[in-house]
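Here's a quick tour of one protein model. Have the sequence and the 3D view open as you read.

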Amino acid sequence: MTAEKDLQTLLGTMHPVRRDGEFVYVLWPHGRPLEGSIMAAVREAEGLTVVMARDDAEALALPYDFVGAWITLEVHSSLEAVGLTAAVGAALTEAKISCNVLAGFHHDHLMVPVADADRALEVLHELALRELAQDSGRAGHAPALRIRTEQPEDRPAILALTAAAFVVSPITGLPVSGEPEEVGLLRGLFDCAEYLPEFSIVAELDGEIVGHVISTRGWAGELELLGLGPIGVVPRLQRHGIGTALMNETVARANLAGERGIALLGSPDFYSRFGFVPSTSLGVAPPEAGWSHHFQLLPLALWPGGVSGTFRYARPFAA
């Protein structure tokens, strides 16, 4: 296979994949024979640095500091290619993720902190998705990913993708028996008085609906807010930036419509990047006391301040 040199092709097809396990950098003891699962090595004036599995380093009583996740960019990149490392590094830098690059004959490899591995994969998928869209635009075609308002005829596909997205419970991490409750909730939201058509948004890829997010009317005291959720992406495309695109579209539409804020229940690690903070920090109590800092709120441009009260979702949530 011919190694690729074109930057746009490299970015659009790089397909980042995480290798199983955790890896460390070890300064190999001078004079000690090599042993263990050494994955890479660099000879410097100060000594030999090796990259190896963390378990092997511990078994050999070798000290280390940095613990990394290994991500391979599965595109055959030429060693003469210009700009791939810079583009990847810039995207990860913007996300505040450190990165060490290892170049092999066939692929480029990245070592990122273990705690940032999932976010790094998402950032890289977003970078590839943006490049694909820009490349389609340069070729005179519509971007591959389309974000648009849901139509009634979309609903069977939306319910199907939601069932697939929540086949494993986000709360327990275990497979769900029967239909996920998010599917029934979504049916109720489509038919309730608090349904807001412009805030039911789908992501469409080459004519297939691959993601959906809905926000319905909610309240904190007498203040009208949006209650976001559920949000789902087909499993094969999760961590490809589609959820991020749906969130960005929701926030943009909410600001344009003069909404005051958006509330949701979810992971602070994911939603904090959009500006969400614990709702209690803004005077809004969660519907359930046990939800703690997982219940979050994004104050929008017209957030009034001085708000107090308990958040109330649309009626189907209570069911």
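## Zooming in on R260

R260 sits in the loop that links helix 7 (242–256) to strand 12 (261–265). Helices here are DSSP runs of H or I with at least four residues, strands are E runs with at least two, and both are numbered from the N terminus. This is a predicted model, where local features need pLDDT of at least 70, side-chain atom pairs count only at pLDDT 80 or more, and totals for chains, interfaces and linings use all residues. Residues are numbered from 1 along each chain as its sequence is written, and side-chain values use heavy atoms, leaving out hydrogens and water.

## Who R260 touches

Setting aside neighbours within four places in sequence, R260 is in contact with L223, E224, L225, L298, P299, L300, L302, W303 and P304. Contact means heavy atoms within 4.5 Å.

## The whole chain

Stepping back, the protein chain has 9 helices and 16 strands, and its C-alpha trace spans about 75 × 50 × 40 Å along the principal axes. Of its 319 residues, 44% are buried. Among contacts with a separation of 6 or more, 68% join residues 24 or more positions apart.

Note on methods. Buried means under 20% relative accessible area, exposed over 50%, partly exposed in between (1.4 Å probe, protein chains only).
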